[in-house]
Amino acid sequence: MQTGKANDAAMIDADDETYPEIRREIRRLCADFPGSYWQALDRERHYPTEFVARLMEGGWLSMLIPEELGGSALGLTAVTAMMEEIHRSGCNGGAAHAQLYTMGTLLRHGSDEQQAQYLPAIAAGELRLQAFGVTESASGTDTTRIATFARREGDHYIVTGNKIWISRAEHSDLMVLLVRTTPREDCAKPSDGLTVLLVDMREAIGNGLTIRPIRTMLNHGTTELFFDELAVPVASRIGEEGKGFRYILSGMNAERILIASECIGDARFFIERASAYASEREVFGRAIGQNQGVQFPIARAWAQTTAAAAIVDRAAEQYDGGSKAGTLANTAKLLASEASWFAADMCLQTHGGLGFAEESDIERKFRETRLYQVAPISTNLILSHISTHVLGLPKSF
Ligand SMILES: Cc1cc2nc3c(=O)[nH]c(=O)nc-3n(C[C@H](O)[C@H](O)[C@H](O)COP(=O)(O)OP(=O)(O)OC[C@H]3O[C@@H](n4cnc5c(N)ncnc54)[C@H](O)[C@@H]3O)c2cc1C
């Protein structure tokens, strides 16, 4: 396996980029979790418990929490630097990223009591907020048609329904859950009547919540959830009843920006690996990278990634400025996921047969980065947002 030089390339100094200290520390941490660690987990579809524990111990998953509640009070711009470096190092932040993006819903819309109750424990690494429950099989992307219903009974909501593709549910203590509290047909707008609940998974499992793991083409710990008369205290509702769609969008926009930064990290991983391999692999008596047919796709991937990264930075800055950043968050996710997918395909092609070997890490990263054209929002739906919300074209749905 000729990957030694490629590993060096993955450690290219990033001093000229944002948050160099965060990047340096994260690269150091990730060096303890080499490809062999991820390959073994991937084979068995096991959760990277040790990796996530190290991130929690280092305070990396509480970067957004205010200092007085135990966090480091940084913004999404700092978090994007971290996620990019995790992915650039060959690791996968998908196991832990939800704690950072769901934070938007709790930080911007949770009550003072809820923040005081949960955030210090999350910051101390005692509580995990890693599950985000929105998608349902029948409604798909059409979120306002979710059918999981919470009816009010005294000081509890009683939740019935099911969710699909809810990742990390088996590895989280809390879940941000979107439910309907007023039937869609009784609402003035389809997005009315939705409510956000913060569910304590430790109490819920076995008392109305059942989790069924789904095996997928990548190791993402995703599951199906079944709610059968699950009682959730009204005190666990985030914000007002019926206004949940607006609150969940804060988390969704943060999610799109963070996942875009993961895609930038993936793309840089592929570009660095491809450049290193193309320089050292000799066929027909010369380095394959001497052929422009091999060089140009690598150069194109670099150009696409550099452009997408600039939009990811702008989206994170806009979000940190207090804006919803919806259009830039969507645009960043679109461009970054396309850049990482192009880079993944280019890298596999550059490596020839070697790219298909498990020990190269390329086939694993190739599968991992493909997800981001579909989740958390598919490419078509982003194009639809730009068409109708930015360009004023007629709505198609
Ligand atoms: C591994 C994995 C992890 C996930 N984790 C989570 C999670 O933690 N929490 C959570 O809530 N969800 C999660 N999801 C769900 C994910 O967000 C959805 O899969 C995604 O939003 C797409 O929804 P869908 O699968 O229902 O596709 P559908 O809505 O059924 O769409 C199918 C295809 O049709 C296209 N399409 C649909 N309508 C239109 C239209 N009007 N115009 C053009 N094209 C259209 C879509 O772009 C898509 O390509 C996860 C999914 C996966 C695969």
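Which residue takes a positive phi in the hairpin of E2 and E3? I will come to that after two notes on the model. Residues are numbered from 1 along each chain as its sequence is written. The model is predicted: local features need pLDDT of at least 70, side-chain atom pairs count only at pLDDT 80 or more, and totals for chains, interfaces and linings use all residues.

Now the hairpin. Gly154 takes the positive phi, near 65°, and the hairpin has two residues between its strands. Helices (H or I, at least four residues) and strands (E, at least two) are DSSP runs, numbered from the N terminus. Strand E2, residues 149-153, pairs with E3 in the antiparallel sense over five bridges; two strands pair if DSSP finds at least two bridges between them. Phe149 has Thr160 in E3 as its bridge partner.

Next, E1. Five of the five residues of E1 are buried, so this strand is largely enclosed by the rest of the structure. Buried means that 20 or more other C-beta atoms, placed from the backbone, lie within 10 Å of the residue's own. E1 pairs with E4, residues 174-180, in the parallel sense over four bridges, and Leu129 has Leu174 in E4 as its bridge partner.

Last, the ligand. Strand E1 (129-133), strand E3 (156-167) and helix H14 (379-390) each supply at least two residues of the shell around the ligand. The shell also draws at least three residues from each of domain 2 (129-245) and domain 3 (248-390), with bounds from an automatic or database domain assignment. Just after H14, Gly392 takes a positive phi of about 70°.

Note on methods:
Buried ≥ 20, exposed ≤ 12 C-beta atoms within 10 Å, placed from the backbone.
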